[in-house]
Each structure stands twice: as C-alpha cells, then as structure tokens.
Amino acid sequence: MLTSVLRGLAVVSLAVLPLTVPAPAHAAETLPLAEAVTRLPVDTESRDGYNRDAFRHWNTGENPSDGCNTRAEVLLAEAVEPPTVGPGCRLSGGSWWSYYDQVWVTSASGLDIDHMVPLAESWDRGASAWTAQRREAYANDQGAEASLVAVTARSNRSKADQDPAQWMPPAAGVHCRYVAEWVATKLRWSLTADETELAALRETAAGCPDQRVTYEPVA
C-alpha cells in the first residue's frame, strides 16, 4: 500500500513539474528606439582606475578548436565575400562593407573590430565593478551581432572611446542603426549613461520613428 502511495505521489510530482519550471530569465526583447533609450539607467561617468588590459581580448573565440581568435571569427562572420583561411587562421582575399563610412574593404588588415560601446566607456558605465571573467566576456562578445563590428581602421580610430554625444559615423544615413546598436549593447550589459549622452540619444531617436532595438540581456 505504501509503495503504491509513493508511486502515486511521484506521478503527480512529474505531472505538475512542467507547470512550475520558470520561463527564461533573459529572453530577447524588441522595442522602439525611443522607448529603449528610456530604459538606460542614468549615472555619472568615472574612469578612475581604467586600464585597457583589464579587458582580455582577443581570446580563442566561440570555437577554440578552429585556430581563430575573436577578431578573426568576427571578420569571417561579417565578410560579404568570404576570405581564404590559411595556416594559423591567416585570412587572405575576401571583402567587407564598413557601414560606418560606407566603404568596401578588400583586406582584413584594413579593418578594425570595433567594440560598439568602447572598453573605456564600458568601464565608466559599470564594468569597473565587474569580475575579470565578465570583462573578458564583454570584450569578446559574439552573442549579439551589434557588440563587435568590422569597420575601417580609420573610422574606428576616429571614434576612439567617444559616445554618441561626441561622435557619430561619418555616413549620416546610418545614424539610426548606429544609435540602436549602441543602446542595444548598453541594455544587453546593463551599462549606464549620463545626461549628455542621453540627450544625444533622444535627439537621434526622435528622427528614427521606425527604428527598433533588439537585445538579450547577459546574465
């Protein structure tokens, strides 16, 4: 009798288990750019203690067995015409479209991998309190297309560590996309913004009524 009761309880427990499993805590979300901007937490900027070496990059990438580091993996993922991959993940040939300045690039050496939100900016906005492992994950983030972008070295170095209040891509026609990707990255990593930056983001968003932001928060 006792055995039958215990078996019955086990069946009941299994029957109700799917109803009690929580939904994913970090599901992707899509919303209008103007609304996404309002979700950015506000704080002041502090670069105290910043050191670029606090963000380990480039690491072995998403597939350590392919012999390519994160930089090379991003170049392969974003190539319009795939390059040839040689020994040591040496890339030759191929072509890329640098959307910041609307330029075709036909040599991997002519490209930089831009951190959409620069490492120094992320330090100012919350990364200073992260673990070394989280900073490494941020610096090599291939989990969202917007996090790392292959662009001309010239445009990346012009941008440096500036936010959209200080720098925007030379091609005016991509400003909506750029700001959407900036905001998506900040929301993904729970990074803050200051009032000057927010004002610039709001101004751009007002001219981009059809622009959407999609982001998936990192645990």
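The buried residues of helix α7 are Tyr-178, Val-179, Ala-180, Glu-181, Trp-182, Val-183, Ala-184, Thr-185, Lys-186, Leu-187 and Arg-188; buried means under 20% relative accessible area, exposed over 50% and partly exposed in between, with a 1.4 Å probe and protein chains only. The model is predicted, so local features need pLDDT of at least 70 and side-chain atom pairs count only at pLDDT 80 or more, while totals for chains, interfaces and linings use all residues. Residues are numbered from 1 along each chain as its sequence is written, and side-chain values use heavy atoms, with hydrogens and water left out.

**Helix α7**

Helix α7 is mostly covered, with eleven of its 14 residues buried. Helices (H or I, at least four residues) and strands (E, at least two) are DSSP runs, numbered from the N terminus. The buried residues of α7 pack against α2, α4, α5, α6 (153–159), α8 and β8. The 14 residues of α7 should span 20 Å at 1.5 Å a residue, and the end C-alpha atoms of the helix are 20 Å apart, which agrees; the expected span is 1.5 Å times one less than the number of residues. After α7 comes Ser-190, with a positive phi near 55°.

**Nonpolar cores**

A nonpolar core is a set of buried Ala, Val, Leu, Ile, Met, Phe, Trp, Tyr and Cys residues joined through side-chain atoms within 4.5 Å. The largest one has 38 residues, and those with the most contacts inside it are Leu-33, Tyr-100, Tyr-138, Tyr-178, Val-183 and Leu-201. Two or more residues of this core come from each of α2 (33–38), α4 (119–124), α5 (132–139), β7 (148–152), α7 (175–188), α8 (195–206) and β8 (212–215). The largest share, seven residues, is given by α7.

Leaving aside residues up to four places away in sequence, Leu-33 touches Cys-176, Val-179, Ala-180, Val-183, Ala-205, Cys-208, Gln-211, Arg-212 and Val-213. Contact here means heavy atoms within 4.5 Å. A second, separate core of 14 residues includes Ala-72, Leu-75, Cys-89 and Ala-108.

**Salt bridges**

The structure holds 15 salt bridges, each defined as a side-chain nitrogen of Lys or Arg within 4 Å of a carboxyl oxygen of Asp or Glu. The table lists some of them.

| Side chains | Distance, N to O |
|---|---|
| Arg-47 and Asp-161 | 2.6 Å |
| Lys-159 and Asp-114 | 2.7 Å |
| Arg-125 and Glu-197 | 3.4 Å |

Arg-47 lies in the loop between α2 and α3 (70–78) and Asp-161 in the loop between α6 and α7, so this pair ties together parts that are 114 residues apart in sequence. Arg-47 is partly exposed, with a relative accessible area of 30%, and Asp-161 is partly exposed at 29%.

The pair of Lys-159 and Asp-114 links helix α6 to strand β6 (residues 111–115), distant parts of the chain with the two residues 45 apart. Lys-159 is buried, with a relative accessible area of 0%, and Asp-114 is buried at 3%.

Arg-125, in the loop between α4 and α5, and Glu-197, in helix α8, are 72 residues apart and also link distant parts of the chain. Arg-125 counts as buried at 1% relative accessibility, and Glu-197 counts as buried at 0%. Arg-125 and Glu-197 are linked with Glu-45, Glu-121, Lys-186 and Asp-194 in a network of salt bridges.
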